[in-house]
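Here is a short briefing on one protein chain. Keep the sequence and the 3D view open as you read.

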Amino acid sequence: MKISARNSLVGKILSIKEGSVNNEIVIELAAGVEITSVVTKKSCEQLGLVVGGNAYAIIKASNVMVAVD
């Protein structure tokens, strides 16, 4: 896979919560580190997303903010 986005994070799909139009996908990037995305049901089907499968979370934005507490 080649992609121009700089933030490509690989992980395992923990859950897929199905909605009427969109699905919520939770990907575990590392132990206890999760990222959630909402995709259309059709995209979920076309990509063959299943719980336990591997997937990439790709973040394409002109700004990625960083904060500390």
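Which residues is Ile27 in contact with, leaving aside its neighbours within four places in sequence? They are Gly11, Lys12, Ile13, Leu14, Val33, Glu34, Ile35, Ala55, Tyr56 and Ala57. The model is predicted.

- In soluble globular proteins, nonpolar side chains tend to be buried together.

**Largest pocket**
- The largest pocket holds about 240 Å³ of space.
- β2, β3 (33–40) and β4 each give the lining at least two residues. β4 has the largest share, with five.
- By type, the lining has 12 nonpolar residues, two polar and no charged.

**Leu9**
- Leu9 sits in strand β1 (residues 7–18).
- Leu9 counts as partly exposed because its relative accessibility is 33%, while buried means under 20% and exposed over 50%.
- Beyond its neighbours within four places in sequence, Leu9 is in contact with Leu29, Ile35, Ala55, Tyr56, Ala57 and Ile59.
- Leu9 and Ala61 lie 52 residues apart in sequence. In space, they are 14 Å apart, C-alpha to C-alpha.

Technical notes. Residues are numbered from 1 along each chain as its sequence is written. This is a predicted model: local features need pLDDT of at least 70, side-chain atom pairs count only at pLDDT 80 or more; totals for chains, interfaces and linings use all residues. Side-chain values use heavy atoms; hydrogens and water are left out. Contact means heavy atoms within 4.5 Å. On a 1 Å grid over the protein atoms alone, a cavity is a set of points where a 1.4 Å probe fits but cannot get out, and a pocket is an open set with protein on both sides within 12 Å along at least five of seven lines; lining residues have an atom within 4 Å of a point. Grid points are joined across faces, edges and corners, and a volume is the space filled by probe spheres set on the points. Helices (H or I, at least four residues) and strands (E, at least two) are DSSP runs, numbered from the N terminus. Ala, Val, Leu, Ile, Met, Phe, Trp, Tyr, Cys and Pro count as nonpolar, Asp, Glu, Lys and Arg as charged, and the others, Gly among them, as polar. Buried means under 20% relative accessible area, exposed over 50%, partly exposed in between (1.4 Å probe, protein chains only).
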